[in-house]
Number of protein chains: 2
Amino acid sequence: MNRFEHVRHKPPSVPESARELLVVLAPMRSSVNLSRIVRLVGCAGMTKIIQCGPGKVDREIARDAIDFVEIVQRRSLAPVLEQLKEDGYSRVGLEQTTHSVCLYDFAFEIKTALIIGAERDGLSQEELDRLDHVVEMPVYGRPLSYNVATATTMAVYEYCRQFR
Amino acid sequence: MNRFEHVRHKPPSVPESARELLVVLAPMRSSVNLSRIVRLVGCAGMTKIIQCGPGKVDREIARDAIDFVEIVQRRSLAPVLEQLKEDGYSRVGLEQTTHSVCLYDFAFEIKTALIIGAERDGLSQEELDRLDHVVEMPVYGRPLSYNVATATTMAVYEYCRQFR
């Protein structure tokens, strides 16, 4: 008898409480990154994402997340950040900044909006000024930064680890 | 004065000890996934990856990881798994199987080889039989599985969190 055998298409785990994590994207340059993040969001049990800018989600990459995740499009991020504050979200950016906290040491609030900057430019100062926290993940080698979808994956994983 | 200001190109963190994590890839279908994993491995401070199969790494995606990470090519995975055992690695697969342990609850050994199956087929029974552990990450929604580079990101992140 084999100890490890494939179990295909396990039914999804049911989170202990409804996911109150919301991923919010600045205008992405790459629809591949955008689509990868949509798939991640779907797998992690979120039912909505806010996407600023005109990027189009590729069904080949996002898979059925595209049918389960509502993609809310907005033109720019700053007004969204204001609204999120009114709605009671802790607004957490991913960026290397002064006063960033290492993701390993960051305790998420359950009602969190994860704010993701674009590939090259990250978040603008105007946007950073509207955040409650900024987290970063340590880089130990080269290149000196993670791909945006990779960094988002780490933050979503860490949130889900804290709120199973 | 702004609380959060960009800090570009921070020097990499120096891990407390040399990274003894080794990522080992079954033949990937997509050179995009392969190249994304190479970038991740570079960022996480590893200096070597084992790649089975003929896939080519795309410099546009892997960035300077391609200059810092030695890419060791092998034809098939099973003999590599035998060698890793002789070399004293704990061989940890990523897969949904019977007796998989949730990544949240898994304590890595420092000398770990992370064994990654290909996109569609995952690891074969012959390969699963040569693993010491299998970990999986909970899926909470749709699609029912993470992209292979996304799953690898989560496992590498978790290892680095445990061994800063």
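This is a short talk on chain A of the model above and on its contacts with chain B.

First, the conventions. The model is predicted, with local features needing pLDDT of at least 70, side-chain atom pairs counting only at pLDDT 80 or more, and totals for chains, interfaces and linings using all residues. Residues are numbered from 1 along each chain as its sequence is written, while chains are lettered from A and ligands numbered from 1 in the order in which they are written.

Chain A has six helices and seven strands; these are DSSP runs, H or I of at least four residues for helices and E of at least two for strands, numbered from the N terminus. Along the sequence the order is β-α-β-α-α-β-α-β-β-β-α-β-α.

Of the 164 residues in chain A, 49% are buried, that is, 20 or more other C-beta atoms, placed from the backbone, lie within 10 Å of the residue's own.

Now helix 6 of chain A, residues 148-162. Its 15 residues reach 21 Å from first C-alpha to last, close to the 21 Å expected, where the expected span is 1.5 Å times one less than the number of residues. Helix 6 of chain A is largely enclosed by the rest of the structure, because 13 of its 15 residues are buried.

Next, the interface. In chain B, 49 residues are in contact with 49 residues of chain A; contact means C-beta atoms, placed from the backbone, within 7 Å. On the chain B side, the elements giving two or more residues are helix 1 (31-43), helix 3 (65-68), helix 5 (125-128) and helix 6 (148-162).

Note on methods: A residue is buried if 20 or more other C-beta atoms lie within 10 Å of its own, exposed if 12 or fewer, and partly exposed in between; C-beta atoms are placed from the backbone. Two residues are in contact if their C-beta atoms, placed from the backbone, lie within 7 Å.
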